[in-house]
Amino acid sequence: MKIRKFEPKDRDSIVEIWYKASIIAHDFIPKEIWEAEKTTIRDQYLPLAETWVAEEEGKVIGFISLLDQYIGGLFVEPSQQGKGAGTQLIQRAQEEKGHLTVGVYSKNSAARGFYRKHGFRKTNEELQTETGEIVINKAWKQAGDSVKSGESKPAAIRALVIEDYDAVIELWQSTEGIGLSEADSRENIRRFLARNPYLSSVAEKDGEILGAVLCGHDSRRGYLHHLAVRSDRRLQGIGKRLVDISLENLKAEGIDKCHIFVFRENEKGVAFWAQNEWKARLDLTIMSKRT
Ligand SMILES: CC(C)(COP(=O)(O)OP(=O)(O)OC[C@H]1O[C@@H](n2cnc3c(N)ncnc32)[C@H](O)[C@@H]1OP(=O)(O)O)[C@@H](O)C(=O)NCCC(=O)NCCS
């Protein structure tokens, strides 16, 4: 797959991809609204925008269009989705711009997860008057933008994916206060991540995993498990960033309270949560039984 700059000959393919992908991703908006936009996209929007296309075997399969740092459109032909074109397009835009913003329909949870995975965070939300739909505005900024040259960049927080399993298990095994069991097998973690897409996070720097947390919910309440930061990287704000992002992710899923389980003898762990305003539930006792 090749990412290249838009050429005028791509115009018709782009409008078709935009239309086909829009009516599926935004099926809560009447098709006619998108149909009516086709000419505007082709003749007014595209000439103004900076666009890159993903091309496979000489055929355009997706594109990203930017108005300055705003992502006006990122669409992949529906039959070509899931092959990494969207990721390559967003990464190209991230390399070029260093800072990006986007508006995503609140009902488009796949796109919200995609942007979350690529480091975008919610800034605010607004009502789109033409459609009556809520749009969530998100922003991404290159890590370390504000860091003076010579200083090292902070760790990046990104979604934990199953490919991180070996590194993350090694971190947990070497961290005091983390209780691992057969529940943490690769297969179970794969299932956990599939049931809770893009909610768990790692802190990564120069290809090394410095921290991790599992985050999930059962549609009522959220749960964090196995928060850990590598011992030589503690007290640098990494644990707090992992927790803050997890709570943001849960909030975006409509979950308004999160629970954690901490071993009572893990005094430092308990102190961390207390310092960060988590309240011990003295009214509850955890009870368990094998199925
Ligand atoms: C708990 C842990 C994840 C914290 O990560 P960290 O990156 O060192 O923490 P941060 O730098 O983000 O700290 C955020 C805040 O908590 C405070 N804090 C961190 N560790 C603390 C501790 N042990 N006791 C009290 N406060 C603590 C920091 O001072 C900071 O406070 P501030 O915002 O007022 O400055 C890390 O110490 C760890 O991996 N511990 C072992 C595993 C563990 O116990 N995990 C919890 C299992 S439930």
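Helices (H or I, at least four residues) and strands (E, at least two) are DSSP runs, numbered from the N terminus. With that definition in hand, one can read that α4 is followed by Gly 119, whose phi is positive, near 90 degrees. The structure is a predicted model, in which local features need pLDDT of at least 70 and side-chain atom pairs count only at pLDDT 80 or more, while totals for chains, interfaces and linings use all residues. Residues are numbered from 1 along each chain as its sequence is written.

## The chain as a whole

The chain has eight helices and twelve strands, and its C-alpha atoms fill a box of roughly 65 × 45 × 35 Å, taken along the principal axes. Of its 291 residues, 27% count as buried; a residue is buried if 20 or more other C-beta atoms lie within 10 Å of its own, exposed if 12 or fewer, and partly exposed in between, with the C-beta atoms placed from the backbone. Two residues are in contact if their C-beta atoms, placed from the backbone, lie within 7 Å. Among the contacts in the chain with a separation of 6 or more, 58% are made by residues 24 or more positions apart.

Seven residues from domain 1 and eight residues from domain 2 take part in the contact. On the side of domain 1 that touches domain 2, α4 (109-117) and β6 (121-128) each supply at least two residues, and α4 gives the most, with four residues. By class, this side of domain 1 has no nonpolar, two polar and five charged residues; here Ala, Val, Leu, Ile, Met, Phe, Trp, Tyr, Cys and Pro count as nonpolar, Asp, Glu, Lys and Arg as charged, and the others, Gly among them, as polar.

In an unreviewed entry, UniProt lists residues 1-141 and 155-291 under "domain: N-acetyltransferase"; its positions are given in the numbering used here, feature names are shortened, and annotations may be inferred rather than shown by experiment. The table describes the chain over these two ranges.

| Residues | Helix | Strand | Distance between end C-alpha atoms |
|---|---|---|---|
| 1-141 | 39% helix | 36% strand | 26 Å |
| 155-291 | 31% helix | 22% strand | 40 Å |

## Helix α4

The buried residues of α4 are Arg 112, Tyr 115 and Arg 116. They cover an arc of only 105 degrees around the axis, which puts them on the same side of α4, where the arc is that of the directions from the helix axis to the C-beta atoms. These buried residues of α4 pack against β5 (99-105), β7 (133-141), β8 (156-159) and α7.

Lys 117 is also found in helix α4, but Lys 117 counts as partly exposed because it has 16 C-beta neighbours inside 10 Å. When residues up to four places away in sequence are not counted, Lys 117 touches Ala 159 and Tyr 198. Lys 117 and Ile 157 are 40 residues apart in sequence and 9.4 Å apart in space, C-alpha to C-alpha.

## The shell around the ligand

The ligand is surrounded by 23 residues, of which the closest are Gly 177, Arg 234, Gly 239, Lys 240 and Gly 269; a residue is near a molecule or strand if its C-beta atom, placed from the backbone, lies within 6 Å of it. At least two residues of this shell come from each of β11 (222-229), α7 (238-252) and α8 (267-275), and α8 provides the largest share, five residues. The shell around the ligand has ten nonpolar, nine polar and four charged residues.

Helix α7 also holds Asp 244, which is partly exposed, with 15 other C-beta atoms within 10 Å. Asp 244 and Leu 284 are 40 residues apart in sequence and 24 Å apart in space, C-alpha to C-alpha.

## Two loop residues with positive phi

Most residues other than glycine have a negative phi. Ser 219, which lies in the loop between β10 (208-217) and β11, has a positive phi of about 80 degrees although it is not a glycine. Leu 235 lies in the loop between β11 and α7, and its phi is near 60 degrees, a positive value in a residue other than glycine. Ser 219 is exposed, with 8 other C-beta atoms within 10 Å, and Leu 235 is exposed, with 8 other C-beta atoms within 10 Å.
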